[in-house]
Amino acid sequence: MDINALMDFHLVAAHGSFGRASRESGRAKATLSRRVADLEEELGVRLVERGAQKLALTDAGRLLLQRSEGPLREIEEAMTQAREGSAAPRGRLRIAAPLVFSQLALGRLVALFRLQYPQVEVEVVAEDRMVDPVQEHFDLCIRINPDDDSNLVGRCFARDSLALVAAPTLAPPRARAGKTHAVPAVVMPTYRDGDLWSLREGRLLIAPQPVLRLSSLMMVRDALCAGAGAGLLPWSLAGALVGSGQLKSWGKLGDEVELWVLHTSRRLQSPKVRAFVDFLCAQYPDGRFIV
């Protein structure tokens, strides 16, 4: 298979038409059309349906795009490294990260990273949804307690824990074996009605009575400080507030959570990716996420 033809197919698929791909890349429209046609002839299947304004991928085209994207990126990175000779980190580094981690720490971290590697341009997308690094062209993604995924590898760079906290004006109930205490609570959308919060190895059972349902941990933090009720916060977000007396901790909930930095390639890790992974892990030498 002609790798150049495959790269042109990816270019056309990314832009949705031969004309747009031609304008963006500076390559002749006729050349792109011929390359894709040659690829279709070699494979014996139609890859695109050509419309007047916009093309659409066939099922075979979508399958080829999905299965070849990762290997093609690795080939491009290998060629780049071979051309550059040295493994100096450079180019654009796209990172997907959870919203709270991004707001609390990532702005400062990427600024420090850029001071060390000025030839790297960093783009951070802060969202809580689960991104697809391959389909959405992310070099790295940061996840909390990630599920096993054979397509992703990486390192745990820090750990955090969940604490049940409230304003000092709301006193915690006294722990009694077998007794469940109802308390006003500020909860996230992930809370399911009927869930209990278990503290002190099960000696204190809290039955949350939701008074506010908020989609942002920052909003939960502010509502708890204002005395709306009790709620769960990462210790990285609550610790300083507990230390200053704005919140009171009722105890830690469950096991620690792990923060991982993940990338898509087992076989070839680009210099910019390797540099950022090493840099991020070095920021938390004791493995604790502290703001």
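Arg94 counts as buried at 19% relative accessibility, where buried means under 20% relative accessible area, exposed over 50% and partly exposed in between (1.4 Å probe, protein chains only). The model is predicted, with local features needing pLDDT of at least 70 and side-chain atom pairs counting only at pLDDT 80 or more, while totals for chains, interfaces and linings use all residues. Residues are numbered from 1 along each chain as its sequence is written, and side-chain values use heavy atoms, with hydrogens and water left out.

Arg94 lies in strand S3, which spans residues 91–97; helices (H or I, at least four residues) and strands (E, at least two) are DSSP runs, numbered from the N terminus. The side chains of Arg94 and Glu123 are joined by a polar contact of 3.1 Å, a term for a pair of N or O atoms within 3.5 Å, of which, within protein, one must be able to donate a hydrogen and the other to accept it, residues adjacent in sequence counting only if both atoms are side-chain atoms.

## Salt bridges

With a salt bridge taken as a side-chain nitrogen of Lys or Arg within 4 Å of a carboxyl oxygen of Asp or Glu, the count comes to 15. One of them joins the side chains of Asp8 and Arg27 at 2.9 Å, N to O, and this pair links distant parts of the chain, with Asp8 in helix H1 and Arg27 in the loop between H2 and helix H3 (29–43), 19 residues apart. Asp8 is buried, with a relative accessible area of 5%, whereas Arg27 is partly exposed at 31%.

Another salt bridge is formed by Arg213 and Asp193, whose closest N and O atoms are 2.7 Å apart; Arg213 belongs to strand S9 (residues 204–213) and Asp193 to the loop between strand S7 (180–187) and S8, 20 residues apart. Arg213 is partly exposed, with a relative accessible area of 49%, and Asp193 is exposed, at 60%. Elsewhere, salt bridges that share partners join Arg92, Arg94, Glu121 and Glu123 into one network.

## Strand S8

Trp197 is placed in strand S8 (residues 197–199) and is buried, with a relative accessible area of 7%. The C-alpha atoms of Trp197 and Leu262, which are 65 residues apart along the chain, are separated by 31 Å.
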